[in-house]
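Me: Please examine the structure shown below and discuss its strand pairing, helix packing and aromatic contacts.

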Amino acid sequence: MHRFFVDQTQIDEKYIHISGQDAHHIRTVLRMREKEEILVSDGDKMEYTCQIEKLADEEILAKIMFVEEAGLELPAKVYLFQCLPKSDKMELIIQKAVELGACEIIPVASARCVVKLDGKKEASKTKRWQGIAESAAKQSKRMYIPQVHSVLKFSEALEYAKNMDVKLIPYELARGMEVTREQIGKIGPGQTVAVFIGPEGGFEEEEVQAAMKMGFSPITLGKRILRTETAGFTVLAILMYHLEE
């Protein structure tokens with residue numbers, strides 16, 4: 001069943017009013033018809049099973065059949081701070097991060113990042129990345145569309161994460177899986193978790209030291225060196241396994 005996202009202002013007692021690109025997608029791309037069923041998320045906890053009642057030019061009118069609290073989101077909010085990778089790897093990272101439950105993806109420009117984005121390129125990339133996040137959210141039946149933040153410098157990213165409850169930075173020089181298990185084992189429902197993933201060349205030692213001063217815990221992901229895209233998926237998968245109820 002196809003899933004769509006609406007603002008709570010689009011929901012009334014009996015109907016949901018779908019407009020904009022989603023209305024176009026339902027009518028023109030999916031070629032759906034009246035009486036077909038769809039799922040609608042209010043961007044929070046509630047999931048609506050609806051039946052299409054009217055296909056107008058500017059609006060799809062969907063009749064609410066029943067509502068439930070779906071409980072599809074992780075009980076903790078995980079923020080993925082991903083240093084900019086080469087080529088189009090960021091698109092894959094965003095897609096899979098959304099599938100694995102990240103609530104926000106923050107691209108980071110660290111010292112060893114090869115990719116450099118100017119203002120115009122950044123705006124274009126961010127728009128495309130947000131579209132990928134939306135598509136992945138629909139496919140994976142998320143309750144909301146995770147935000148893709150604008151690119152932050154490493155120091156700005158540390159500042160953005162400073163008040164989060166748990167702050168993790170996988171680092172190839174970190175030792176001891178017991179530390180990793182201990183740090184992840186402490187994470188519980190309602191907490192905010194920052195995960196910093198380095199670029200292809202890894203973090204500079206000064207960056208790790210700066211992160212530690214801001215309360216970050218260096219952790220290892222095992223004895224093998226992981227690619228930047230693999231490292232993020234690994235942490236998110238471990239967190240999903242630990243947090244899922």
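The following questions and answers treat these topics in turn.

Me: What kind of model is this, and how are its residues numbered?
Reply: This is a predicted model, in which local features need pLDDT of at least 70 and side-chain atom pairs count only at pLDDT 80 or more, while totals for chains, interfaces and linings use all residues. Side-chain values use heavy atoms, with hydrogens and water left out, and residues are numbered from 1 along each chain as its sequence is written.

Me: How many residues of strand S3 are buried?
Reply: Strands (E, at least two residues) and helices (H or I, at least four) are DSSP runs, numbered from the N terminus. Buried means under 20% relative accessible area, exposed over 50% and partly exposed in between, with a 1.4 Å probe and protein chains only. Strand S3 spans residues 37-41 and is mostly covered, the buried residues being 4 of its 5.

Me: Which residue in S4 stands opposite Leu 39?
Reply: Two strands pair if DSSP finds at least two bridges between them. S3 runs parallel to S1 (residues 3-5), with 3 bridges, and antiparallel to S4 (residues 46-55), with 5 bridges. S3 and S4 form a hairpin with 4 residues between them, and Gly 43 in the turn has a positive phi of about 80°. The residue opposite Leu 39 in S4 is Thr 49.

Me: Are H2 and H7 roughly parallel or roughly antiparallel to each other?
Reply: Axes are lines fitted to C-alpha atoms, for helices over the stretch in contact (heavy atoms within 4.5 Å), and angles run from 0 to 180 degrees between N-to-C directions. Helix H2 (residues 89-99) packs with helix H7 (residues 228-243) at about 5°, their axes being 10 Å apart. Angles under 35 degrees count as roughly parallel, over 145 as roughly antiparallel, 65 to 115 as roughly perpendicular and the rest as oblique. H2 and H7 are therefore roughly parallel.

Me: How far apart in sequence are the parts that Phe 154 and Phe 196 tie together?
Reply: Rings of Phe, Tyr and Trp (its six-membered ring) pair if their centres lie within 6.5 Å; planes under 30 degrees apart count as stacked, over 60 as edge-to-face and the rest as tilted. Among the 5 aromatic pairs of the structure, Phe 154 and Phe 196 form one that is edge-to-face, at 5.8 Å centre to centre and 90° between the planes. Phe 154 lies in helix H4 (residues 154-161) and Phe 196 in strand S11 (residues 192-197), so the sequence separation of the parts is 42 residues.

Me: Is Phe 196 buried or exposed?
Reply: Phe 154 and Phe 196 belong to one aromatic cluster, whose members include Tyr 160 and Phe 216. Phe 154 counts as buried at 9% relative accessibility. With a relative accessible area of 1%, Phe 196 is buried.
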